[in-house]
Amino acid sequence: MSIKDEKIWIIGGSGGIGEALAQKFAARGALVVISGRNRDALDAALKRIGPGHHAAKADVVDRGSIEDAARLHGPFDRIIMTAATYDPGAVSKADPDKAAGIFEVNLTGTFNVAQIGASHIKPGGQLVLFGSAAAIFGLPNGQVYSATKAGIVNLAQSLRAELWPQIDVRLVTPGFVRTPLTDKNTFAMPGLMEPEAAAARILRGLDGTRFEIAFPRRLIWPLKLLGVLPHRLAFALTARLRG
Ligand SMILES: NC(=O)c1ccc[n+]([C@@H]2O[C@H](COP(=O)([O-])OP(=O)(O)OC[C@H]3O[C@@H](n4cnc5c(N)ncnc54)[C@H](OP(=O)(O)O)[C@@H]3O)[C@@H](O)[C@H]2O)c1
């Protein structure tokens with residue numbers, strides 16, 4: 001199959017990294033279907049992506065809406081699940097209802113897309129899940145989000161073992177990318193990238209063969225190092241980020 005004839009479903013394609021990915025895939029001839037909850041945001045993104053593509057309003061926590069979109073627009077060469085929410089702050093100040101919502105969208109939502117989507121991916125096609133650099137080692141002030149992303153890492157590993165070679169499961173581990181999600185951050189974001197640069201990096205990775213697409217290296221490697229340091233040393237370093 002030529003990359004020009006691909007059909008790609010990007011859940012979370014109405015903004016941020018998902019939209020930048022949709023633009024890149026569309027520019028090389030793929031047909032993209034974008035999903036999100038907000039109709040106006042979907043229509044606006046569709047205009048920016050260009051003619052001939054589709055939007056399917058769907059909420060990842062509503063399994064019926066994901067099933068409907070998959071049945072209407074599938075089968076797909078790739079399903080890319082980027083939808084997520086984030087609410088940074090100290091654990092003592094976290095709103096439990098908001099926290100439950102983050103678990104539901106990020107973790108249950110990813111499970112919903114993976115389980116339902118798997119039967120709508122062509123043989124040998126890709127299922128792409130989004131972790132985060134925040135999942136590599138628990139850092140202060142992002143506990144709930146980081147925990148969901150660590151769960152997604154484990155889910156992606158399990159699915160890769162279970163579904164290969166019928167489905168090529170991939171994990172994307174971005175560092176900081178300038179989007180509405182990171183606009184909530186009040187701290188300096190090392191290695192901050194623009195969504196277009198992140199999308200180009202992800203697309204290159206998805207065309208390659210590695211399970212995990214992690215970038216930028218200067219953020220990823222120090223975080224991976226934290227995981228192999230003695231805990232006492234690692235926590236002495238991460239406590240400095242409490243703010
Ligand atoms: N930006 C970063 O620095 C960064 C770093 C590491 C990892 N990531 C990960 O990369 C992915 C994309 O992040 P981003 O920064 O591009 O996020 P973003 O700009 O906030 O965009 C999120 C997209 O997901 C959609 N969405 C949110 N909740 C949804 C739901 N319940 N059902 C369906 N769609 C939903 C949004 O549309 P609606 O609100 O209209 O539904 C929007 O299209 C996320 O998984 C994020 O965790 C981002």
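Mentor: Helices here are DSSP runs of H or I with at least four residues, and strands are E runs of at least two, both numbered from the N terminus. The model is a predicted one. With that naming, proline 75 falls in the loop between helix H3 (63–73) and S4.

Trainee: Which form, cis or trans, does the peptide bond from glycine 74 to proline 75 take?

Mentor: Most peptide bonds are trans. The bond from glycine 74 to proline 75 is cis, with omega near 0 degrees. A further cis bond runs from tryptophan 164 to proline 165, with omega near 5 degrees. Proline 165 sits in the loop between H5 and S6.

Trainee: How do I read strand S4, and which strands does S4 pair with?

Mentor: Look at cover, then at partners. Strand S4 spans residues 76–81, and five of its six residues are buried. Strand S1 (residues 7–11) pairs with S4 in the parallel sense over four bridges, with isoleucine 11 opposite methionine 81. S4 also pairs with S5, again in the parallel sense, over five bridges. There, isoleucine 80 faces valine 128 in S5.

Trainee: Which handedness, right or left, does the unit of S4, H4 and S5 have?

Mentor: View the strands pointing away from you: a crossover is right-handed if the path from the first strand over the helix to the second runs clockwise. The β-α-β unit of S4, H4 and S5 is right-handed. The unit made by S6, helix H6 (residues 195–207) and S7 is left-handed. Strands S6 (residues 167–174) and S7 (residues 212–215) pair in the parallel sense over four bridges, and leucine 171 has glutamate 212 in S7 as its bridge partner.

Trainee: Which residues of helix H5 are buried?

Mentor: An α-helix has 3.6 residues a turn, so residues three or four places apart point the same way. In H5 the buried residues are Val144, Tyr145, Ser146, Thr148, Lys149, Ile152, Ala156 and Leu159. Their cover includes H4, strand S5 (121–130) and S6. As for length, H5 (residues 143–163) has 21 residues and reaches 30 Å from first C-alpha to last, close to the 30 Å expected.

Trainee: Why is serine 146 classed as buried?

Mentor: The cut-off is 20 or more other C-beta atoms within 10 Å. Serine 146 is buried because 21 lie within that distance. Beyond its neighbours within four places in sequence, serine 146 is in contact with Ala134, Ala135, Gly138 and Leu139.

Trainee: Which residues come nearest to the ligand?

Mentor: Of the 31 residues around the ligand, Gly12, Gly16, Gly36, Asn38 and Thr179 come nearest. The elements giving two or more residues to this shell are helix H1 (16–27), strand S2 (31–36) and helix H4 (96–118). H1 gives the largest share, three residues. By class, the shell holds 15 nonpolar, 14 polar and two charged residues.

Notes. Residues are numbered from 1 along each chain as its sequence is written. This is a predicted model: local features need pLDDT of at least 70, side-chain atom pairs count only at pLDDT 80 or more; totals for chains, interfaces and linings use all residues. A residue is near a molecule or strand if its C-beta atom, placed from the backbone, lies within 6 Å of it. Ala, Val, Leu, Ile, Met, Phe, Trp, Tyr, Cys and Pro count as nonpolar, Asp, Glu, Lys and Arg as charged, and the others, Gly among them, as polar. Two strands pair if DSSP finds at least two bridges between them. The expected span of a helix is 1.5 Å times one less than its number of residues. A residue is buried if 20 or more other C-beta atoms lie within 10 Å of its own, exposed if 12 or fewer, and partly exposed in between; C-beta atoms are placed from the backbone. Two residues are in contact if their C-beta atoms, placed from the backbone, lie within 7 Å.
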